[in-house]
Every structure is written in structure tokens, then in C-alpha cells.
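Subject: Structure for your files

Hello,

Here is the structure you were waiting for. My notes on it follow below.

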Amino acid sequence: MKRKTPNAERPTLNIEWPGVREDEGVYVLKTATPNFHRPTSNTQSASKSRFDLEGRMLDFSARIIQLVDALPNTRAANHVAGQLLRCGTSPYGNHGEVEVAESRKDFIHKLKVCLKELKETRRWLRLIAKSSMLPTPKMTAILKETEELIKIFFSSVRTTERNAK
């Protein structure tokens, strides 16, 4: 019996997909943008959400860093700056932990850690405002954002706990 080689009599297929061409077994990109840079319809609808909490947390952390750098170089301000820098940037990192929680209980716990850090941030910001380390108009916007983030995380904790029952 004569044995055939694996590809001896197979026809060559030339398959066309939008943006990609198959020539002689090699995929050739027709456009300059590879597929992994093109969002699919599922990711487009998810990315077009009207609320980007991660981006908001990143902006908040950046504003905290800028505020800390604007504080005067005094013993009291340096102490407050160190505390504020730790608790004010912590929610951004902890929010990343929320996104990869291993269980609903872990998810709730990590949300509560973010909430706790935001509440501590609010206290240090209020102390800065009360002690006039920075002018009050500069403090108003960051205090307002802190309050809004506290409300968001508080609502998230409450909703998640209610849905867990």
C-alpha cells in the first residue's frame, strides 16, 4: 500500500477576513491596526459605560499627590502629608484588589477597605482646611470629590451586602 504524505493533495485555501488575508499559510495584515487593537462589539459596549470609577480613582490619587506637594515644609504639615499620602492613594490600589476579589465576601471586605481609607482621607483633608495649611478654595474641590467617592463606595458595599443575602 502506498502511503500519502500529509499535505500532498490538500488544496490551498485562500481565506479572506476583514483586515486579514491568508497567503500560502501565512496571515498577512491588510491594515496597519492589528486585531488586538480593534475592540469587539462586546468590549465596545462595556467600555462605553458612562462611569469610569478606575479613572476617577486614578485622578483622585494624582490630586492627593499634588496637594501633598503643595503643603508647607513644616513639622506639622510633613506629618499630615505623610498620613494623607498613604490613605489618599491607597483607595486606588485597593480598588484594583476589588476587581480581582476571590469571593463575594472578599469583594465586600476590599470595598470596605477602600471606604475606610477614603474616610480617613476626608479627616486629614478637613484637618488641613481647619488648620489653614492651604487656602480653603483649594480644598473645596478635593473635599467634594472625597465625599462623592465615599458615597459611591458606601452604596456599593450596601448593595453588595444586600444582594449577598
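**Helix 2**

In helix 2, the buried residues are Leu 53, Gly 55, Arg 56, Met 57, Phe 60, Ser 61, Ile 64, Leu 67 and Val 68. Buried here means under 20% relative accessible area, exposed means over 50%, and partly exposed is in between (1.4 Å probe, protein chains only). The cover over these residues includes helix 3 (75-99), helix 4 (104-130) and helix 5 (136-164). Helix 2 itself runs over residues 53-70, and its 18 residues reach 26 Å from first C-alpha to last, close to the 26 Å expected at 1.5 Å a residue. The expected span is 1.5 Å times one less than the number of residues.

**What kind of model this is**

This is a predicted model, in which local features need pLDDT of at least 70 and side-chain atom pairs count only at pLDDT 80 or more, while totals for chains, interfaces and linings use all residues. Residues are numbered from 1 along each chain as its sequence is written, and side-chain values use heavy atoms, with hydrogens and water left out.

The average pLDDT (the predictor's confidence in each residue, from 0 to 100) is 81, and 70% of the residues score at least 70. Over residues 13-31 the pLDDT is below 50, and this stretch has 26 contacts in the model beyond near neighbours in sequence. A contact means heavy atoms within 4.5 Å.

**Overall**

The protein has five helices and three strands, in the order β-β-β-α-α-α-α-α along the sequence. Both kinds of element are DSSP runs numbered from the N terminus: helices are H or I with at least four residues, strands E with at least two. Of the 165 residues, 29% count as buried. The accessible surface is about 12,000 Å², and carbon and sulfur atoms hold 54% of it; the areas come from the Shrake-Rupley method with a 1.4 Å probe, and for residues only the protein chains shown count as cover. Among contacts with a separation of 6 or more, 65% are between residues 24 or more positions apart.

After helix 4 comes Ser 132, with a positive phi near 55°.

Which residues touch the most other members of the largest nonpolar core? They are Leu 67, Leu 84, Ile 128 and Phe 153, out of 28 residues in that core. Helix 2, helix 3, helix 4 and helix 5 each give two or more residues to this core, and helix 4 gives the most, with seven. A nonpolar core is a set of buried Ala, Val, Leu, Ile, Met, Phe, Trp, Tyr and Cys residues joined through side-chain atoms within 4.5 Å.

Not counting residues up to four places away in sequence, Ile 128 touches Leu 67, Leu 71, Val 80, Leu 84, Met 133, Leu 134 and Met 139. Met 139 lies in helix 5 and is buried, at 1% relative accessibility. Leaving aside neighbours within four places, Met 139 is in contact with Leu 67, Leu 125, Ile 128, Ala 129 and Leu 134. Met 139 and Leu 67 are 72 residues apart along the chain, with their C-alpha atoms separated by 8.7 Å.

**Salt bridges**

There are eight salt bridges in the structure, each defined as a side-chain nitrogen of Lys or Arg within 4 Å of a carboxyl oxygen of Asp or Glu.

Glu 148 is partly exposed, with a relative accessible area of 29%.

Lys 110 is buried, at 17%, and forms a salt bridge with Glu 97 (closest N and O atoms 3.5 Å apart). Glu 97 is partly exposed at 37% relative accessibility. Lys 110 also meets Asp 106 in a salt bridge, at 3.1 Å from N to O. Both of these residues, Lys 110 and Asp 106, lie in helix 4, four residues apart, about one turn of the helix. Asp 106 counts as buried, at 19% relative accessibility. Separately, salt bridges that share partners join Arg 56, Lys 144, Glu 145 and Glu 148 into one network.

Regards
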